[in-house]
Amino acid sequence: MANKQPSLNSTIVLRLAIPLIFFISIETVLSYFVTLHHVDVAYDGWLLDSARSLTQEVKAQNGGVFVELPPAALEIFKWDESDKTYFKIISAENVLIAGDKSVPEPHDLEVDWANPVYFDDEMYGEPVRVVSMMIAPEYSDAKVFVHVAETLNKRRNMMMDILLADLLPQLALVLLVGIYLVLGVKRGLQPLHILADEIAKRSSRDLRPIPEQHVFLEVRALTDTINDLLARLGLSINTQQRFIANAAHQLRTPLAGLKLQVERAQREQNLAEMKPALAHIQSSADRMSHLTTQLLVLARSESIDGNYELRPVDLNELVKQTCIDWVPKALQRQIDLSYEGLNESLMVNGDEVLLKELLANLLDNAICYGHDKGHILVKIMRAPFPCLIVEDDGCGISESEGEKVFERFYRIPGSNGDGCGLGLAIVKEIADLHSARLELLKLSAVGGTQIKLIFKD
Ligand SMILES: Nc1ncnc2c1ncn2[C@@H]1O[C@H](COP(=O)(O)OP(=O)(O)OP(=O)(O)O)[C@@H](O)[C@H]1O
Ligand SMILES: [Mg+2]
């Protein structure tokens, strides 16, 4: 398939060549008219000289007018190399005194005869330039008109010579500039090809920034962006590698425990002696199942990109249902789980399943890190922005841990339960996906923790 991408080389050459050719054309047209004017002025002068030399020969005698043309005067009206010259001398009464009566006269009847009159016409089918003048010979009242016509070959030849002398160097200049530009742009782009080769040779693991020595200032913005992207890619690959290492470690521990306990159970002879090992197997399996669920939720919320379409969800209903689902678990620790909702629905744009996961993780934490017989309050507020609050009266999160608890696999040392440290990381991921703001507050009066999720709309 033909490459339809515009080439920088041809674009630059075209952008420069088109105006150059345009200006040269305008210049040529202008210089044509200026040259025409000057050539006309020069040749008109010579035509006038011929006409004047004729007027010298017009004499008056006995009240009449006659012309005596010596051979020297007639010489100029012979054929020269390229042009023919004709003349005509007529009286005021339009009587031919001498010359060729076909020589044209001015068509304009209102001619001012004070000065010679020039005009273009045709004679014997050929274009001619004519000068006409009126003279009054000495010792006579008569008026005589002299018309001299000349074909235009010399003028045309001179015009062509001047125009070619002007145009040819200009065309040569356009050609040279074009060749120079094509070669210049090609040479100028060479560093980019070197750069492309260098990047093409790299391994997929080589995320070093693009070196700046090969790069033009104009391309720097592009390479800076690519370098920035490479840096972010490197960071994200590192994070992912750390995550995989952590996940592998987290999975290995319960698996190793599971294997050990199964071996221990196999060594026992009766069921009663097997029971402690079976209980351990159950807790390891629970732990693995919880970890796998958490990893899957995290993977799901992480894989959703910015173009994912969120749908209107009734936050009031969703939170109410989830709280009802969690009451039995709260009751196991005699915790009072209460819900302060709204009487009508509160619509937000979101993903129902992920929002449920978010609240489940907050409730799980509140129950796990709260006191027995404690209180958990889940609240929904409409103004100024839709907002979900989960607060407990448990041990709370110290300020120094405030940021860290949202990191993946981070658990505050000495925490209750055998969580895997992914709950709040999942909460943060889902909040980001909903462009919602997360706030973590320490409740000074009651102790405990308050986590607020504020939606933008
Ligand atoms: N409501 C809370 N009160 C006190 N401490 C909390 C609360 N919620 C979270 N924490 C602390 O923050 C840490 C991180 O919580 P997170 O939910 O991310 O992980 P986890 O509960 O340990 O494991 P997971 O939720 O994945 O099973 C917890 O280990 C706990 O110490
Ligand atoms: Mg948790």
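The model is a predicted one, in which local features need pLDDT of at least 70 and side-chain atom pairs count only at pLDDT 80 or more, while totals for chains, interfaces and linings use all residues. Residues are numbered from 1 along each chain as its sequence is written, chains are lettered from A and ligands numbered from 1 in the order in which they are written, and side-chain values use heavy atoms, with hydrogens and water left out.

Back to the ligand and its polar contacts (pairs of N or O atoms within 3.5 Å; within protein, one must be able to donate a hydrogen and the other to accept it, and residues adjacent in sequence count only if both atoms are side-chain atoms). The side chain of Asn365 puts an N or O atom 2.8 Å from an oxygen atom of ligand 1. Asp392 brings a polar side-chain atom to 2.9 Å from a nitrogen atom of the ligand, and at Ile412 a polar backbone atom sits 3.5 Å from a ligand oxygen. Of the 590 Å² of accessible area that ligand 1 has on its own, the protein covers 98%; such areas come from the Shrake-Rupley method with a 1.4 Å probe, and for residues only the protein chains shown count as cover.

Next, the charged pairs. The structure holds 19 salt bridges, each a side-chain nitrogen of Lys or Arg within 4 Å of a carboxyl oxygen of Asp or Glu. One of them joins the side chains of Asp44 and Arg129, at 2.6 Å from N to O. This pair links distant parts of the chain, 85 residues apart: Asp44 belongs to helix α1, Arg129 to strand β6 (residues 126-135). Helices (H or I, at least four residues) and strands (E, at least two) are DSSP runs, numbered from the N terminus. Asp44 is buried at 7% relative accessible area, and Arg129 is buried as well, at 11%; buried means under 20%, exposed over 50%, and partly exposed in between (1.4 Å probe, protein chains only).

A second bridge runs between Arg202 and Asp206, whose closest N and O atoms are 3.9 Å apart, and both residues are buried. In the bridge between Arg232 and Asp228, the closest N and O atoms are 3.4 Å apart. These two are about one helical turn from each other, because they lie 4 residues apart in helix α5 (residues 217-267). Elsewhere, bridges with shared partners tie Asp40, Asp44, Asp120, Arg129 and Arg155 into one network.

Ser301 sits in helix α6 (residues 271-303) and is buried, at 1% relative accessible area. A polar atom of the Ser301 side chain lies 3.1 Å from the backbone oxygen of Leu298. Beyond four places in sequence, Ser301 touches Leu354, Glu429, Ile430 and Leu433, contact meaning heavy atoms within 4.5 Å. Thr322, in helix α7 (residues 315-332), is buried too, at 4%. With neighbours within four places in sequence set aside, Thr322 is in contact with Lys356, Leu359 and Leu363.
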